[in-house]
Amino acid sequence: MVRIIGVGSYAPETYITNEDFEKFMDTSDEWITERSGIKKRHISPPEITTSEIAYRASLRALDMAGISAEDLDLILVATSSPDSLTPSTACILSAKLGVKHKPCFDISAACPGFIYGVEIARGLLKTGDYKYILVVGVESGTKFIDWNDRSTAVLFGDAGGACILTQDETDRGILSTFISGDGYLAELLKIEVGTAYPVGSWGVRMKGREVFRNAVVQMGEAAIKALEKANLKPEEIDWLIPHQANLRIIEATRERLGLPREKVYVNIDEYGNTSAASIPVALEEMLDKGLLKDGNVVLCVSFGAGFTWGSLLMKW
Ligand code: ACO
């Protein structure tokens, strides 16, 4: 089966708490905690670029997988906050890793970008032309934040998570995946950088309530789709790892699946919304804490700008 054999993550040391926001913005710890579940978020200083976060996470993933960077056949980076429009963050990462003459490209699929990346990697590994693929979900998105917009500034954080995928003969690995999207709702959540916008006017723009409503529906749908494809029932899951955008969305997804709280991994209080990074970051944390055990059935599910959504069901 195609499976993840190495996981690594990195979050910048600098962070901002809700109390820090209270000092320069009309907001409160109470509002942020109640509406989102977030208590703090990591913020990358200017010299810590998206590729640098990806690099630090990737080294850890390579270490766990027990392979070297030269063994990689493909590098995929899912991000909404690339170092530059071109070259891709994946190319910059490949040079940092010392990888030469290997394909590398970015995936722009917002929060479920990591799941999109795994779906691509899985398909390519099945061709037999690739042995090891690095998939990174990474954001330094706070660099695009409009610090005058309290409705978005308090929500996002920076981090990266990396996974090495390969195909082997074990019965552990990816059981099913599901990805989808709806570009008709693109206006509801966007980072305004690109040819449609004047230079220098960037910022994250979000119609929070509408995004929330869509996220609740599609996170639940995506979770069910992956389970149906693998012919499993929600009660057969050991862990639900939801994208960490809002504690209330996580709760709604948990309720839709009828799962007890102890089966749902939550770290939004510590990181905020790290978009494409949230799921691989959670995976490494769970491994570090000894929560994720061999043979566990794990369902990852995500929703984000685009809109895009997706799910990933694995036997760990
Ligand atoms: N502090 C205090 N008050 C605030 C703040 C703040 N930081 N931000 C907004 N408010 C105010 C608003 O101005 C509004 O005031 P008003 O009623 O006087 O107009 C009030 O709080 C309510 O605002 P809402 O936006 O309706 O609040 P809501 O309960 O919807 O919570 C939130 C906002 C947390 C953003 C929520 O809508 C949400 O989580 N949405 C989904 C986000 C998401 O899932 N994103 C996923 C994808 S992210 C990606 O793809 C990168």
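Okay, let's start with helix H4: its buried residues pack against helix H3 (50-65), strand S4 (74-78), strand S5 (104-107) and strand S6 (133-139). Quick caveat: this is a predicted model, with local features needing pLDDT of at least 70 and side-chain atom pairs counting only at pLDDT 80 or more, while totals for chains, interfaces and linings use all residues. Numbering runs from 1 along each chain as its sequence is written, and side-chain values use heavy atoms, leaving out hydrogens and water.

Helices here are DSSP runs of H or I with at least four residues, and strands are E runs of at least two, numbered from the N terminus.

So which residues of H4 are buried? In H4, residues 89-97, they are Thr89, Ala90, Leu93, Ser94 and Leu97; buried means under 20% relative accessible area with a 1.4 Å probe, protein chains only. They line one face of the helix, because down the axis of H4 they fall within an arc of 140 degrees, taken from the directions from the helix axis to the C-beta atoms. Just after H4, glycine 98 has a positive phi of about 80 degrees.

Now the largest nonpolar core, with 37 residues. That's a set of buried Ala, Val, Leu, Ile, Met, Phe, Trp, Tyr and Cys residues joined through side-chain atoms within 4.5 Å. Leu240, Leu257, Leu299, Phe303 and Phe307 touch the most other members. H7 gives this core its largest share, seven residues.

Take leucine 257: beyond neighbours within four places in sequence, its contacts (heavy atoms within 4.5 Å) are Ala223, Ile224, Leu227, Pro234, Leu240 and Leu299. There's also a second, separate core of 33 residues, including Ile4, Ala121, Met286 and Trp316.

Technical notes
Buried means under 20% relative accessible area, exposed over 50%, partly exposed in between (1.4 Å probe, protein chains only).
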